[in-house]
Amino acid sequence: MTINKVGVVGLGLMGSGIAQVSAAAGCEVIGREMNDELIAGGKGKIESSLAKFAEKGKITTEQRDATLRRLSFTTSLSGLADCDLVIEAIVENKDAKTALFRELDGIVKKGCIFASNTSTIPINQIATVTNRKADFCGLHFFNPVPLMPLLEVISTKETSSATRDAATEWGKRVGKVPINAPDEPGFVVNRLLIPYKLEAVRMLERGDASIVDIDIGMQLGCNYPMGPFVLSDFVGIDTMYYAAKVLFEETGDELCRPPELLKKMVENGELGNKSGKGFYAGHPERQAELKERLGRFAKR
Ligand SMILES: NC(=O)c1ccc[n+]([C@@H]2O[C@H](COP(=O)([O-])OP(=O)(O)OC[C@H]3O[C@@H](n4cnc5c(N)ncnc54)[C@H](O)[C@@H]3O)[C@@H](O)[C@H]2O)c1
């Protein structure tokens, strides 16, 4: 099974990165967004990421231009009809994802692999609305996609070995290290990571420690690249909240119960870096405190 043309649905944080690495690996890529403004936003993210790679000498300007030439954009799903692989990276909501795949199933050619980049939703719950369960898998990338090397490949009980192998090989081709992850809520990484981040929020809610103390504690105490609140701003508070909701609904695990603070932040549009309001976003004094106290251990 050769994957030459890739469709990416949703060009937010993740979809723009997935489109970028696919095109950089030589695939023809078509990205779908809801309107022209969102397409321009997705395209802008790809252009600035590629520009940074070129400035740092990680790619040549010819490679940058060739990658951009392999990318096209559409607001219509029919533009994805002849893709060999379609990856969905829209909002973390099962109803939105199933509605999309139900529609795609009637539009895209038979034999095309369908993949979801969901953070938490079991893949079988999404695949079930299509007539191509054998050609359906999870391809879970990490943020920022052009830099993070991991790819979780999730097979359901019905995913064929040909689909799993083709998706895994394609993952290697786009520069990632694939792992086989179980079709369980949160897969491997988020089943471990999300309860940890939620515990940090609960610690804050109880007034046990400050945002900056918690972040310095985990960054320097565990040698993590960043603390849980810097990470939450980076991931998106909305994505984290929706992912926690799915995990809690699916597992009933109290560690996954979405904290009230996250809910309020989402309702107030405090979505982290993407909305300019979050734990650090929109709080320059807190950013300055973190930087100052981390001293020579500050990452940025
Ligand atoms: N943010 C992360 O760190 C991260 C990491 C791994 C996986 N994910 C998962 O990836 C998915 C996307 O997350 P994100 O952070 O990129 O979200 P985001 O909010 O940055 O982007 C989602 C985009 O999808 C678009 N969209 C919504 N419905 C659409 C449709 N029907 N067709 C085309 N576009 C549509 C929206 O306009 C938006 O631009 C989610 O399932 C999320 O859980 C996120």
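In which loop is P258 found? In this predicted model, P258 is located in the loop between α10 and α11 (260-267). With neighbours within four places in sequence left aside, P258 is in contact with Y241, A244, K245, F248 and K263.

Contact between the domains involves 8 residues of domain 1 and 11 residues of domain 2. On the side of domain 1 that touches domain 2, the residues divide by class into 2 nonpolar, 4 polar and 2 charged.

The ligand is surrounded by 27 residues, of which the closest are G10, G12, M14, S119 and N143. Two or more residues of this shell are given by each of the elements α1 (13-24), α4 (94-107) and α10 (237-251), and α1 gives the most, with 3 residues. By class, the shell around the ligand comprises 15 nonpolar, 9 polar and 3 charged residues. Because domain 1 (5-181) and domain 2 (189-292) both give residues to this shell, the ligand lies between them.

The largest nonpolar core has 77 residues, and the members that touch the most others are V8, I18, L85, V86, I87, C137 and A244. Helix α10 supplies the largest share of this core, 9 residues, and at least three residues of the core are drawn from each of domain 1 (5-181) and domain 2 (189-292). For V86, one of the residues named above, the contacts beyond four places in sequence are with G7, V9, L80, L104, V108, C112 and F114. A244, also among the core members that touch the most others, is one of the residues in contact with P258.

Several features of backbone geometry were also found in the loops. A cis peptide bond, with omega of about 0 degrees, joins N143 and P144; P144 lies in the loop between β6 (136-140) and β7 (150-155), and N143 is among the residues closest to the ligand. Positive phi values in residues other than glycine occur at F187, where phi is near 55 degrees, and at N223, where phi is about 60 degrees. F187 is placed in the loop between β8 (177-181) and α7 (189-205), whereas N223 belongs to the loop between α8 (211-222) and α9 (228-235). As to their surroundings, F187 counts as buried because it has 24 C-beta neighbours inside 10 Å, while N223 is exposed, since 8 other C-beta atoms lie within 10 Å.

Notes:
Residues numbered from 1 in each chain as written. Predicted model: local features only at pLDDT ≥ 70, side-chain atom pairs only at ≥ 80, totals over all residues. Near = placed C-beta within 6 Å. Helix = DSSP H or I, 4+ residues; strand = E, 2+ residues; numbered from the N terminus. Nonpolar A, V, L, I, M, F, W, Y, C, P; charged D, E, K, R; others polar. Domains from an automatic or database assignment. Core = buried A, V, L, I, M, F, W, Y, C linked by C-beta atoms within 7 Å. Buried ≥ 20, exposed ≤ 12 C-beta atoms within 10 Å, placed from the backbone. Contact = placed C-beta atoms within 7 Å.
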